[in-house]
Amino acid sequence: MLIILEKYNYSEALKIIEERLQSLKLYYKMYEEDEKKIIVVGDKGQTAELDSLQSLPGVERIVAVTKPYKLVSRQFKETDTIVNIGGVPIGGGHFQVIAGPCAVESKQQLFTVAQEVKNAGAVLLRGGAYKPRTSPYSFQGLKEEGLKLLAQARELTGLPIVTEVVDIRDVSQVAYYADMLQIGARNMQNYHLLQEVARTNKPILLKRGLSATIEEWLLAAEYILREGNNQVVLCERGIRTFEPYTRNTLDLSAVAAVRHLSHLPVIVDPSHGTGKWFLVGPLAKAACPLGAHGLIIEVHNCPSEALSDGEQSLTPHNFQVLMKDIRELKRVCGKS
Ligand code: PEP
Ligand code: MN
């Protein structure tokens, strides 16, 4: 349930509401939007006990949200949220492509790929400086040196940068360089990290956990919105199923479901979703007609020598070919 207070003269109502919520042992949190105070109540449908609050002077309206996630839900906000990443809008009628290498490996590699993806039509540059690798013996990323290279690549191309933060201790450093902070699949349920990135007020790319349900994913997003940051883009990147042929099973039905359940933009990652470069194009082309708001695609200048995720990376040439089709699909789907 969401109790939306009037802009002025709400303090008396607030006192009564807080007493009522405390006596009902309901957990709640204050949230502010457009200078209006909103009380988010973690209720499980005990609306009858709270209905009478509607008539209190100072209460503008009460929105009964039946889902466990509240601020993220379309019941709370009907219209699509548009997230602004360094001037690039994602959400609503926009369909945007984020591209770049899995990991920042060197200046030469990053600058080459950045220029290529820009020429092909990508509007945001991705690249991991901190890499969460399955094996501790794999390349772990260039860390701050990688962030500096990303910032230089932004200078060179004008593309805002998206990069992952894996540890709560690195949040302020990554936020200093990046235009958008990525929370990876492995950290989707790292709630302290979610709260910390939310407080930077940077846009957040929230990947779905490898075994997360849609509800768990949206509740993870709720952690960010509750901190007052509604600049969240969801990313479907495949879930683990019994099928070993593809690295993950890209759950496109989740994209359509999330569009129904939430006002937040949702994009598709066909690279991690399939793990195979030749499947990236076919899945990427499904995203726009499906209603997704964009794509994130891994591109490498020499995939066979990539330090991470080479098997799923497109060459600049293949990316360029795909982008031609994506442009056509955007036109047919009426997206900008
Ligand atoms: C990545 O984007 O390179 C990455 C590690 O993604 P995910 O968290 O989806 O595995
Ligand atoms: Mn990767």
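Leaving aside neighbours within four places in sequence, which residues is Thr157 in contact with? Ala114, Gln115 and Lys118 are the residues in question.

## Model and confidence

This is a predicted model. The protein chain averages a pLDDT of 96. Of its residues, 99% score at least 70.

Where pLDDT is low, predicted coordinates should not be read in detail.

## Around Thr157

Thr157 belongs to helix α4, which covers residues 144-157. Is Thr157 buried or exposed? Its relative accessibility is 5%, so Thr157 counts as buried, the cut-off being under 20%.

The side chain of Thr157 also has a polar atom 2.7 Å from the backbone oxygen of Ala153.

## The manganese site

Which residues coordinate the manganese ion, ligand 2? There are Cys102 through SG, His272 through NE2, Glu298 through OE and Asp309 through OD. The distances run from 2.1 to 2.4 Å. Along the chain, the donors follow the spacing C-x169-H-x25-E-x10-D.

Cys102 sits in the loop between β7 (96-100) and α3 (107-120). His272 sits in helix α9, residues 270-274. The pair therefore ties together parts that are 170 residues apart in sequence.

Both residues of this pair are shielded. Cys102 has 3% relative accessibility and so counts as buried. His272 is buried as well, with a relative accessible area of 9%.

## A four-stranded sheet

Four strands form an open sheet in the order β2-β3-β1-β4. The pairing is antiparallel. β2 (28-33) and β4 (59-63) stand at the edges. Each has a single partner strand, so one side of each is left without a neighbour in the sheet. From one strand to the next, the twist averages 20°.

How many bridges join β2 to β3? Six bridges do, and the two strands run antiparallel. Strand β3 spans residues 36-41. Within β3, Val40 is the bridge partner of Lys29. In general, strands of a sheet pair through backbone hydrogen bonds, either parallel or antiparallel.

Technical notes:
Residues are numbered from 1 along each chain as its sequence is written. Chains are lettered from A and ligands numbered from 1 in the order in which they are written. This is a predicted model: local features need pLDDT of at least 70, side-chain atom pairs count only at pLDDT 80 or more; totals for chains, interfaces and linings use all residues. Side-chain values use heavy atoms; hydrogens and water are left out. Two strands pair if DSSP finds at least two bridges between them. Axes are lines fitted to C-alpha atoms, for helices over the stretch in contact, and angles run from 0 to 180 degrees between N-to-C directions. Donors are N, O and S atoms within 2.8 Å of the metal (3.2 Å for Na, K and Ca); water is not among the atoms, so sites may look incomplete. Buried means under 20% relative accessible area, exposed over 50%, partly exposed in between (1.4 Å probe, protein chains only). A polar contact is a pair of N or O atoms within 3.5 Å; within protein, one must be able to donate a hydrogen and the other to accept it, and residues adjacent in sequence count only if both atoms are side-chain atoms. Contact means heavy atoms within 4.5 Å. pLDDT is the predictor's confidence in each residue, from 0 to 100.
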